[in-house]
Amino acid sequence: MHGSGIPIWFFIGVLLLLYGVMIFSYGIFELATGNYPPLVELTNLHTPIWWGGILTILGVLYVVKFRPGRAQ
Amino acid sequence: MFGLVPALPAAGALAHIPALLAFSALPLAHLSPLDMAVIVIYFGMTVWIGFYLKGRSNTSEEFFMAGREMTAWIAGLSFVSANMGSLELMGWAGSAYQYGILATHWYWIGAIPAMLFLGLVMMPFYYVSKTHSVPGYLDLRFGGAARSVAAVSFATEMILMSGVNMFAMAVVMKVVLGWDITFSILVSSVAVALYVGLGGLRSAIFNEVLQFVLIWGGALLVPILGLVQAGGVEGLKTRIIANLHTASASIAPDSYFHLWRDTGHFAANPMGVHWTGIVFGLGFVISFGYWTTDFLVVQSVLAAHNLRAARMAPIIGSFFKMAVPFIVILPGLLGLVLLQNPDHSRRQLVGEDVVKSCVVSASEDKVADPQACATAMQTKSTLTPEYQKSVLTGAPGTELHSYNEALPLMMVRYCGPGLLGLGITALIAGFMSGMAGNVSAFSTVWTYDIYKPLINKKGSDSHYVLVGRLSIMIGVAVSIGAAYLVMHAHGIMDYVQALFSFFIAPLLGAILMGMFWKRATAPAGFLGLLIGIITSVSLFVWVKFSPAAVATVALSPDATDMSANLYRALWAFLTSVAVIFVVSLFTKPRPVAELDGLVYGATKLPKEPPVVFYKNEYLWAVLVVVIFATLNILFW
């Protein structure tokens, strides 16, 4: 957002980071235990791991770049 | 015709609530604690954003116009996101399932040219005139009468559109989670009323950008994984052609993959449209009407911090708009071949009315009205006789799902714990962004264009902010009732298209004549708008009560409801333009000096400071045109 205050992009980063960590962690749990949801297709691709990882990386980038108080 | 009945009494809509609540389809999935956490975090953040921004929404300029301090990127993403409600996600995924790639026209020719026209040609007039709304522009150009007609019709449309969003979201909750429809509508309504009521347009824009990111993060997986399973694009094509051998003999099996090739005749393509309807009805009237005069989307751009940002915003938005079919149209097509029944046979989706005819009795666990169900399935679906029999006998796993459920069904197919929560959150976010845009625009138009000029002209600034907040609460409450009207619709999109042609097409005629013809007069603007709306509603009612009239309205007896909507919009637009032209010739025009900032040729636009080439809006507009042309040729 233009002007003062916390930028929109920081909030987006926080949300992506939270979601990324949650989903990535579940993916690791799934891989470690072999406990896959029975009705879901293509579990062999381990989607939660790579998709959660992508969200985490994007979240970190946005949080760092747009953190409050950082000089623009 | 399966569209909204404008004069439908509230009692008629309420009569269908018990039937809808009686849906007894088993939920497709049960949310895990992880999914619930994802959804709760999203709701928590949106409400918190509302409270955070409340302190920055104290004046009317801040509350209704977001302080006019948005950058081009934020305004551009918000501009596109405001259009990503139920209409964008479920409606068009369902339409792609029904009509194939033809549904993409609503994203490309039905959006891109108009978005560029808004940014490069019209935006300077909106921005320089400093209007707070589109009806506000009409007030400056044509006077209070035209403004009032536009404001009342727009406010009505916003309430109904908000109802569409609520209904679609409730359907998602019903299909995926088994949640009660009314409960879902109430939860989403309260959240939207809270965060828009507190933070105003700034909060709506803020959340729209947030939701834009979520929609891509949550919905992008479905087409990626779907394509992997279908064997890529070629595999998808092969399987669709193999599965659709029962389609009409006049439609080529590969017609689902062509945008233009089969539009030379109404009966030659799945949608039953003609290219003239697509180009002139959709590509010009409906598209230009929606993207350039519908305040729902224009409000984000008006909040830009300078003219260059206001011009760049729609251009930035157009890049993303061209990409949206990947997460909406493609899942619909994939659903055609990948969705399966429990016995692994291909699952066929049906219209909303067929689903309602086959509601299962809660007490007997069988179809409540077998006769109506059998008739509906025979006349309005392509279900096999064996499957129809299974439905009637209540065999396990044979519940019916509508076209509009294609996208959530695909999500359930590929998303496990966490990812399903993200996908559902993406849908909720999409619906809520649509609702937020609706109620925010409604609040501005109600306060500035109805309440202030017609009810209380002398209120203080804080009084109008209070009225704005209250109108959001009331608007949400009224749109809850409107949500139940949608239950009469065969497909959500047909309903929305009918609405567009009532209000948007005549409004486009008035705005274009006012903005580009100095001679257009105030009485002409008012009459053109009014008669255009009357024409559109009359044509709708005519076809409703005399279906054969579609041959006259849409120029062919083979035209579908969708096609009739396109042509009705075209006639309403032409009527509006013709009335304005004729009446203007017989009435006295305003002096040209009074039209500064309002009309092309009478306005001296401010000089913008030069920028480096890669920040020039014309460069990016040319790039959009090249990509747009390439896509249309590729999928010809």
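This is a predicted model: local features need pLDDT of at least 70, side-chain atom pairs count only at pLDDT 80 or more; totals for chains, interfaces and linings use all residues.
Chain B is made up of 27 helices and has zero strands. Chain A also goes without strands, with two helices to its name.

| Chain | Residues | Buried | Span along principal axes |
|---|---|---|---|
| Chain A | 72 residues | 35% | about 50 × 20 × 15 Å |
| Chain B | 636 residues | 58% | about 75 × 55 × 50 Å |

So how does each chain's radius of gyration fit the globule rule? For chain A, the rule gives 11 Å for 72 residues, but the chain comes out at 16 Å, which is well over that, so chain A is more spread out than a compact globule. For chain B, a compact globule of 636 residues would sit near 26 Å, and the chain's 24 Å agrees with that.

Now think about which parts of a chain touch which. Take the contacts in chain B with a separation of 6 or more: 83% of them involve residues 24 or more positions apart. In chain A, contacts between residues at least 6 apart in sequence join residues at least 24 apart in 76% of cases.

Look at the residues in the contact of H1(A) with H2(A), and you'll find 21 nonpolar, seven polar and one charged.

Helix H24 (residues 522-545) and helix H26 (residues 561-585) of chain B have axes that come within 8 Å, crossing at roughly 150°. H24(B) and H26(B) are therefore roughly antiparallel to each other too. What is the handedness of the crossing of H24(B) and H26(B)? It is right-handed. Their contact brings together 15 nonpolar residues, eight polar and one charged.

**Zooming in on one residue**

Let's pick out Ala310(B), which you can find in helix H15 (residues 307-323) of chain B. Is Ala310(B) buried or exposed? It has 28 C-beta neighbours inside 10 Å, and the cut-off for buried is 20 or more, so Ala310(B) counts as buried. Setting aside neighbours within four places in sequence, Ala310(B) is in contact with Met123(B), Tyr127(B), Val301(B) and Ala304(B). There's also Ala72(B): it is 238 residues away from Ala310(B) along the chain, yet their C-alpha atoms are separated by 6.3 Å.

**Where the chains meet**

Finally, how many residues does each chain bring to the contact between them? Chain B supplies 30 residues and chain A supplies 23. On the chain B side, the elements that give two or more residues are helices H3 (33-54), H10 (181-219), H11 (221-230), H20 (406-414) and H21 (419-454). Which of them gives the most? That's H3(B), with six residues. As for the kinds of residue, the side of chain B that touches chain A holds 20 nonpolar, seven polar and three charged.

Definitions and conventions:
Residues are numbered from 1 along each chain as its sequence is written. Chains are lettered from A and ligands numbered from 1 in the order in which they are written. Two residues are in contact if their C-beta atoms, placed from the backbone, lie within 7 Å. Helices (H or I, at least four residues) and strands (E, at least two) are DSSP runs, numbered from the N terminus. Ala, Val, Leu, Ile, Met, Phe, Trp, Tyr, Cys and Pro count as nonpolar, Asp, Glu, Lys and Arg as charged, and the others, Gly among them, as polar. Axes are lines fitted to C-alpha atoms, for helices over the stretch in contact, and angles run from 0 to 180 degrees between N-to-C directions. Angles under 35 degrees count as roughly parallel, over 145 as roughly antiparallel, 65 to 115 as roughly perpendicular and the rest as oblique. A crossing is left-handed if the near helix is turned anticlockwise from the far one by less than a right angle, and right-handed if clockwise. The radius of gyration is taken over C-alpha atoms; the globule rule is 2.2 Å times the number of residues to the power 0.38. A residue is buried if 20 or more other C-beta atoms lie within 10 Å of its own, exposed if 12 or fewer, and partly exposed in between; C-beta atoms are placed from the backbone.
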